[in-house]
Amino acid sequence: MSGAVTGTEKAWRVVLYVVAIGGFFFLVAPILAIVPLSFNDGQFLTYPLRGISLRWYEDFFFSGTWMSSIRNSLIIGVVAATIATFLGTLAAAGLWLADFPGKRFISAFLLAPMIVPMVIYAVGLYFYFAPFDLTATFTGLILAHAVLGTPFVVITVTATLSGFDRTLIRAGLSLGASPIRVARSVVFPLIAPGVIFGGLFAFSVSLEEVITVLFIGGPNQRTLPREMFSGIRENISPTIAAAATIMIVLAVLLLLSAEFLRRRSSRLQAKG
Amino acid sequence: MAETMLAGPRQTRSLKRDLARAERKRKRNAFLLVLPLIVFVLIFFVAPIAGMLERSVVDTDLMETWPKTAEAVRTYDWEKDAVPDEAVFSALAQDLIRSYDDRTAAAVARRLNYDISGGRSLVMGTARKIARLDQPPASWRDTLIETEPDWGRAETWAAVRRAAGPLTDFFLLQTIDHQRDIDGSIVPVPTERAVYLQIYARTFAIALTVTLLCLMIGFPIAFLLAGLRENLANLLMILVLLPFWTPLLVRTAAWVVVLQEHGLVNQMLQFLHLTNGPIRLVYNRSGVIISMTHVLLPFMILPLYAVMRTVPKDYMRAAHSLGAPPFTAFRRVYIPQVMPGIAAGSILVFIIALGYYITPALVGGAADQMISYYIAFYTTDTVNWGLAAALGTGLFAATLILYAIYSRLVGGVRGVM
């Protein structure tokens, strides 16, 4: 670098690093701070710990409400993510295959569930589902969460497809394969990591969503975040810290598999 | 295809036509793949939202329960007198008695109560009294005014007219602290009832503060990441992605724990002798700002980082070698290049912040609730659906405008991540 490093520049650089490192700390510290508290033997969520104990996990795993909330979260999350992945992948493929009129508008439209304030959507569903008896049902929540997951699938699959080499399709077709065969045997294996990534994303959206559950979920559809919501609101106990720790572990697992899939798909694309 | 090519120039026109047809078919097939999702989103997303927003202008409570009164009020010549004649009063009395008998009067009572204080007791009280009458009096007008003198007031009748439906601007006007007076002209509401603009202003202020904080913290982080080797950047990126993937409720719980009276932050502040006693950091504005900034920071870092990665280093080097002072080069060469990222990240964070509900509800106090809270409150607690919908319409419109700007900036599906 030809320009001399001046004192002010150095000072700015220091400020930059300090803020950035402080920012990283800010991002991670509170999440990490709650983990040890879940192993605290004491009643209160404060440091220093009063001995290590698994009693809050026992509390968590032997309580009917927390266990059924996990079950509800998984049922809703898995089914909603499957629907979202299916519809979102088809749509992303369609958007990628050809330029049709209104494509820009359609893609902006399909991302709207990510943007519209959740309370408006939840209140809307509250009125909309009532005449069909879909409030306080799994079907209702699954449909709502499927809608909320689709933009993330569309985004991730679109990103994967943008690195896809179109000549592979032509090669497949010219070798006599039917379009469906090409889609199944050539395109899908190559974009599969992106599709699964999108599915995981949709699943995690459902796993953390609580507003629609508050409005259209009944007592039988209380999900993990819904239990946490009441827990935080009423009486924040170490059991909440245990539940939070379990969800953090789940988030780390999701993040790692997403990261793995992302790398895999970019490696596949580099080869293609 | 091989055959057409061999057939020579005579066939060019039909070849062109075939090509055009094939192209059309390709586009149609591509569209058919998108169609299921479009339909799904229309049925389960657009329709519920449209139905909710519609309630901000549709006002049929009175019309459905008191059809005769609604009709009479609509046809009455209000130029003559602000308190109507016997025909209208007689329609009202019939509707009142019938709705009291089939227990639907409460809906109208509630609707009028939104508009005039004491509206509920006026309706229910009158209904209870006149339902006991053995036979219709000579003049309903005199009887009703005698029972409840409020029926003789122009304000009451103005409220009935406003509620007569089927459409109303009452709720929308209310959300901007305005109302129609007896003559129907739009005037500001008395100051003690003017609360909604303040709630909007508060919502915008919180969203703006959070956006600026996210930019101030997110910019250095993204800049640092963009300057690192890819491996190292990916590794550090995990520190951004971990909170991004951690459920909102967990992060909110974490902040409640960390910020509470005997929480880590207060312990640290006291340990460092920065404060003597614990300071209140949660269940107030600071708690809301801190946790919202934490939740939304990744939404700022990710688009910023995506843009910063693509900025070639050569330009800054060129600026340096041409003698630009570092700060000038940064401001005039670097910032303009990353401006799309700054704009996209800021708008994204601002949009999401505007509609926030959970975090303020859990870590905020009564004075820190944002517009979403009031939408939820009027929907489930006070059952004033028209007002909830009108507030929703304002929030929705703001979101939509910002989203239009945002998608123009980042161009549709791509570039969000």
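About 8,400 Å² of area is buried between chain A and chain B, and carbon and sulfur atoms give 85% of that area. Helix 1 (residues 7-37) of chain A supplies the largest share of the side of chain A that touches chain B, with 16 residues. The model is a predicted one. The size of an interface is often given as the accessible area lost when the parts come together. In terms of residues, the contact takes 92 from chain A and 91 from chain B.

Polar interactions across this interface can be counted separately. Between chain A and chain B there are seven residue pairs in polar contact, both residues being at pLDDT 80 or more. The count of salt bridges between chain A and chain B is zero.

On the surface, chain B carries a nonpolar patch formed by Leu32(B), Leu35(B), Val39(B), Leu42(B) and Ile43(B). Together these residues have about 370 Å² of accessible area. One of them, Leu32(B), is placed in helix 2 (residues 12-54) of chain B.

A residue of chain A falls in another class. Thr223(A) counts as buried because its relative accessibility is 3%, where buried means under 20%. Thr223(A) sits in the loop between helix 10 (211-216) and helix 11 (224-234) of chain A. Leaving out residues up to four places away in sequence, Thr223(A) touches Ser69(A), Asn72(A), Ser73(A) and Ile76(A), as well as Glu209(A) and Val213(A).

Key
Residues are numbered from 1 along each chain as its sequence is written. Chains are lettered from A and ligands numbered from 1 in the order in which they are written. This is a predicted model: local features need pLDDT of at least 70, side-chain atom pairs count only at pLDDT 80 or more; totals for chains, interfaces and linings use all residues. Side-chain values use heavy atoms; hydrogens and water are left out. Patches are made of residues with over 30% relative accessible area and no salt bridge: like charges are joined within 9 Å, nonpolar side chains (Val, Leu, Ile, Met, Phe, Trp, Tyr) within 5 Å. Accessible areas come from the Shrake-Rupley method with a 1.4 Å probe; for residues, only the protein chains shown count as cover. A salt bridge is a side-chain nitrogen of Lys or Arg within 4 Å of a carboxyl oxygen of Asp or Glu. Helices (H or I, at least four residues) and strands (E, at least two) are DSSP runs, numbered from the N terminus. Contact means heavy atoms within 4.5 Å. Buried area is the accessible area (1.4 Å probe) that two parts lose on being put together, summed over both. A polar contact is a pair of N or O atoms within 3.5 Å; within protein, one must be able to donate a hydrogen and the other to accept it, and residues adjacent in sequence count only if both atoms are side-chain atoms. Buried means under 20% relative accessible area, exposed over 50%, partly exposed in between (1.4 Å probe, protein chains only).
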